[in-house]
Amino acid sequence: MLCVCCLSFFSSFAQIDDFHVELKEELIPPKEPMAVDMGGSVLWSSFNLCAEDPTEVGIYCGWGDPTGVLRFQADDPNGENYIDIESCLAIYGGLEPPQNIAGKDIDVVHRNLGNGWQMPTLLDFSELISDCEWEITRINGTLGYKVTAKNGNSIFLPSWNNEIGKEDGIDVVYGAYWTSFTCSYDFYDEYGGIPIGCYRICLHEIPWCIKDKDIIDCGVIPSKGHLLMSTPRWNQLMIRPVKKKAGAE
């Protein structure tokens with residue numbers, strides 16, 4: 001039996017495939033956000049899942065974890081909460097996960113926020129990136145991107161760490177948000193092509209040359225990006241909920 005003690009205040013018991021996971025804590029019921037029309041096919045939440053306002057990151061959670069509290073990993077055998085990769089994949093989305101979990105039972109937004117809210121799809125983020133203006137800014141000391149739609153509406157996507165670059169007086173944006181899609185090329189062949197990775201939107205703006213040779217030899221990290229990348233399902237990322245517009249399928 002695998003024991004987890006993470007975020008919340010209640011006790012429950014969950015069975016995921018053949019793995020029994022005792023959940024000593026659950027998510028506090030998330031606050032209902034405002035729905036913001038950014039001109040695309042969905043409405044965007046005014047803040048992250050389990051945040052209280054736009055400047056908070058909310059929770060970090062794995063992909064396909066409907067509880068939002070599991071903290072297992074399969075990267076470092078000597079690290080905390082390590083389990084083998086097959087067990088980890090079974091817990092985060094299952095060994096045969098749907099390509100898109102938006103609105104499904106293992107969608108943490110759908111399960112915990114309800115009221116039509118779900119994880120954003122690849123298309124949702126693609127619309128936000130291509131149809132809106134992105135500007136680095138600080139709100140109440142929190143660094144992130146202000147995203148402004150053509151209709152004048154805007155949302156704020158906070159980054160993870162506001163201390164990076166602080167000593168140099170430079171704003172460095174870095175953060176990542178889950179999409180609801182498994183990655184089409186990141187597979188675990190040893191177990192018959194189980195998809196390991198899922199797509200994330202990686203926000204980054206690192207506008208200086210790293211001089212520490214232990215990191216990179218006189219290299220320049222590309223600046224200004226909203227990258228679509230794959231990452232293992234057990235990684236702990238932020239989530240910005242969306243909901244379909246009235247009348248949309």
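In this predicted model, three strands line up as an open, antiparallel sheet in the order S7-S8-S9. Strand S7 (133-139) and strand S9 (154-158) take the edges, and each has a single partner strand, so one side of each is left without a neighbour in the sheet. From one strand to the next, the twist averages 30°. The S7 and S8 pair runs antiparallel and is joined by seven bridges. Within this pairing, Glu 133 sits opposite Thr 148 of S8.

Setting aside neighbours within four places in sequence, Lys 146 touches Glu 133, Trp 134, Glu 135 and Thr 137, along with Ser 154, Ile 155 and Phe 156. Lys 146 and Leu 157 are 11 residues apart along the chain, yet their C-alpha atoms are separated by 6.5 Å. How exposed is Lys 146? Its relative accessibility comes to 34%, and Lys 146 therefore counts as partly exposed; the partly exposed class lies between the buried limit of under 20% and the exposed limit of over 50%.

A further open sheet is built from four strands, this time in the order S4-S5-S17-S6, again with antiparallel pairing. Its edges are strand S4 (35-37) and strand S6 (117-118), each of which pairs on one side only. Inside the sheet, strand S5 (residues 42-45) and strand S17 (residues 242-244) pair in the antiparallel sense through three bridges.

Helix H3 (residues 122-131) lies across S5 and S17, and runs at about 80° to S5. Glu 127 is part of helix H3. Once neighbours within four places in sequence are left out, the contacts of Glu 127 are Gly 40, Ser 41, Val 42 and Cys 132. Which side chain of opposite charge is nearest to Glu 127? That side chain is Lys 245, 7.5 Å away. A salt bridge would need a side-chain nitrogen of Lys or Arg within 4 Å of a carboxyl oxygen, and Glu 127 has none, although this residue is buried.

Note on methods. Residues numbered from 1 in each chain as written. Predicted model: local features only at pLDDT ≥ 70, side-chain atom pairs only at ≥ 80, totals over all residues. Heavy atoms only, no water. Buried < 20%, exposed > 50% of the residue type's maximum accessible area, 1.4 Å probe, protein only. Contact = heavy atoms within 4.5 Å. Pairing = 2+ DSSP bridges. Helix = DSSP H or I, 4+ residues; strand = E, 2+ residues; numbered from the N terminus. Axes fitted to C-alpha atoms, helices over the stretch in contact; angles between N-to-C directions. Lys, Arg positive; Asp, Glu negative; His and termini not counted.
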